[in-house]
Amino acid sequence: MSSLPASAELISSKSSILPDAAYLLMTFSVIKKQRLSPSFLRVTFVNDDGLDFATWGPDQRVKLYLPKPGHTTPRLPLTDWNSFWQKLDVDQRPSRRSYTVRYIRPEVGELDIDFVDHGVEGPASAWAYHAAVGDKLQIAIPNAAYAGKPIGFEWRPPRDVSRLLIMGDETSLPAICNIMSDLPASAKTVDCFVEVPKAGDDAAAGDMASRITWLTRDGDPPGTKLKKALGYSQIPELSRLKHLHGLEKTVAPDERMWAPAAKTDGPFYAWVAAEGSAVKYIRHALMKDCELPKSAVSMMGYWYFGRTFH
């Protein structure tokens with residue numbers, strides 16, 4: 001069985017934190033867990049290291065390192081943790097999954113992460129399902145002292161955007177709630193559609209629930225209702241979709257969808273994050289059928305039905 005070298009000891013002194021490290025792998029403890037809706041659990045964490053962390057965008061990604069069942073959280077180092085993670089034996093190596101920070105309270109070292117509750121199916125859901133106050137987790141999170149260009153988020157609407165299309169499913173609901181809570185003042189038309197597994201899951205959005213059009217899956221394949229919602233939009237750029245039929249697109253089984261707009265301009269912007277094949281369908285509809293430019297769309301496959309990526 002392999003073990004971490006002595007150099008992997010956790011750095012805990014603020015004086016050792018370099019401003020060129022965008023992310024740091026910090027240790028957090030669970031201080032609260034609550035059920036938000038039939039499909040959502042919220043876990044509140046507090047930072048154990050006394051370090052300053054941040055978020056730079058409403059869809060800020062962090063990476064959770066989830067211990068194997070029956071194992072304690074490995075003490076991976078604060079920086080360069082990936083190389084040490086790879087050196088661990090597979091049966092010791094924690095699973096890692098990307099999540100969005102829902103709320104952050106850096107002044108008290110706290111953050112909230114919302115988990116989709118699949119019971120014990122999947123490492124993240126299983127961890128959240130069993131999580132109890134005092135449990136620890138390592139999270140790769142933005143370093144507040146970082147002096148470089150912010151990274152790890154894709155919500156980048158044009159400065160004077162006036163029309164927004166925001167679409168997602170349960171995996172992107174935390175990001176969408178954050179986005180909807182701080183929309184650009186220039187946005188006059190906002191269509192927001194979210195597909196969720198069960199009736200009542202709108203409760204997970206809190207005060208933002210009334211600003212979202214909810215699509216309850218009720219056993220349909222993921223993305224089915226989200227794709228149909230394109231035809232409900234009142235945005236002029238999407239008007240052609242009301243008259244198009246048979247829009248199903250062929251999706252290669254090994255293709256992944258991650259195509260955020262590198263530079264955005266124009267009055268219209270779309271941000272879509274959901275199951276990968278649904279995102280590819282929507283991207284095709286917007287860019288091929290509606291002839292929108294790449295600069296108008298950010299498309300992210302957060303997960304893929306029937307597949308697991310590490």
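Modeller: The buried residues of α5, where buried means under 20% relative accessible area with a 1.4 Å probe and protein chains only, are G276, A278, V279, K280, Y281, I282, A285, L286, M287 and D289. This is a predicted model, in which local features need pLDDT of at least 70, side-chain atom pairs count only at pLDDT 80 or more, and totals for chains, interfaces and linings use all residues. Residues are numbered from 1 along each chain as its sequence is written, and side-chain values use heavy atoms, with hydrogens and water left out.

Biologist: How far apart are the end C-alpha atoms of helix α5?

Modeller: Helices are DSSP runs of H or I with at least four residues, strands are runs of E with at least two, and both are numbered from the N terminus. The expected span is 1.5 Å times one less than the number of residues, so the 14 residues of α5 (276–289) should span 20 Å, which agrees with the distance in the model, 19 Å.

Biologist: Against which elements do the buried residues of α5 pack?

Modeller: Helix α5 is mostly covered, with 10 of its 14 residues buried. Its buried residues pack, with contact meaning heavy atoms within 4.5 Å, against β8 (163–169), α4 (224–228), β12 (268–275) and β13 (297–303).

Biologist: How many disulfides does the rule count?

Modeller: A disulfide is taken as a pair of cysteine sulfur atoms within 2.5 Å. The sulfur of C177 is too far for a bond, because the closest cysteine sulfur, in C192, is 8.1 Å away. By this rule the count of disulfides is zero.

Definitions and conventions:
Buried < 20%, exposed > 50% of the residue type's maximum accessible area, 1.4 Å probe, protein only.
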